[in-house]
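Please look over the sequence and the model before reading on. The explanation starts with the whole chain and then turns to single residues.

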Amino acid sequence: RRGKMKRTAPRSTLRKIIKKHKPQLRLAANTDLLSESFLFFLLKVHLNFLLFLHRLAEEARTNAFENKSKIIKPEHAVAAAKVI
């Protein structure tokens, strides 16, 4: 059994992400980055990223369909990114 939650990213990476999105926060050197509030924040960022990817994929699929292509090509994704 594992007593602690396994980290999915290095501590320095988590600190950079948090500082980028919440620059007003002052983090102590020994701050538990997996505390409830930080974990909620990271999940929120992750969810926003997944929603963006989903929207990008849907738009790229629409572009491919409009171009009568059965395969989503890079140019479909680039065109979708410009719309989003």
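What follows goes from the overall fold to a salt bridge and then to a loop.

This is a predicted model, so the first topic is confidence, given as pLDDT on a scale from 0 to 100. The chain has a mean pLDDT of 80, and 77% of its residues reach 70 or more. Confidence is lowest in helix α1, residues 11-21, where the mean is 76. It is highest in α3, with a mean of 94.

Next comes the layout. The chain contains three helices and zero strands, and from the N terminus on its elements run α-α-α. Helix α2 spans residues 36-66, and α3 spans residues 74-83. Of the 84 residues of the chain, 19% count as buried. The chain exposes about 7,400 Å², and carbon and sulfur atoms supply 59% of that area. Among the contacts in the chain with a separation of 6 or more, 25% are between residues 24 or more positions apart.

How many salt bridges does a search of the whole structure find? The search finds one. It joins the side chains of R61 and E58, with a distance of 3.1 Å from N to O. Both R61 and E58 lie in helix α2. They are three residues apart, which is about one turn of the helix. R61 has a relative accessibility of 47%, and E58 has 35%. Buried means under 20% and exposed means over 50%, with partly exposed in between. R61 therefore counts as partly exposed at 47%, and E58 likewise counts as partly exposed because its value is 35%.

The loop between α2 and α3 holds two residues to look at, N67 and S69. Is N67 buried or exposed? N67 counts as exposed because its relative accessibility is 52%, and the cut-off for exposed is over 50%. The side chain of N67 makes a polar contact with the side chain of H76, at 3.3 Å.

S69 has a relative accessible area of 18%. Residues under 20% count as buried, so S69 is buried at 18%. A polar atom of the S69 side chain lies 2.7 Å from the backbone oxygen of I71. Leaving aside neighbours within four places in sequence, S69 is in contact with A64 and H76.

Definitions and conventions:
Residues numbered from 1 in each chain as written. Heavy atoms only, no water. Helix = DSSP H or I, 4+ residues; strand = E, 2+ residues; numbered from the N terminus. Buried < 20%, exposed > 50% of the residue type's maximum accessible area, 1.4 Å probe, protein only. Polar contact = N/O pair within 3.5 Å; in protein donor to acceptor, adjacent residues only side chain to side chain. pLDDT = per-residue confidence, 0-100. Contact = heavy atoms within 4.5 Å. Salt bridge = Lys/Arg side-chain N within 4 Å of Asp/Glu carboxyl O. Areas by Shrake-Rupley, 256 points an atom, 1.4 Å probe, with all protein chains shown as cover.
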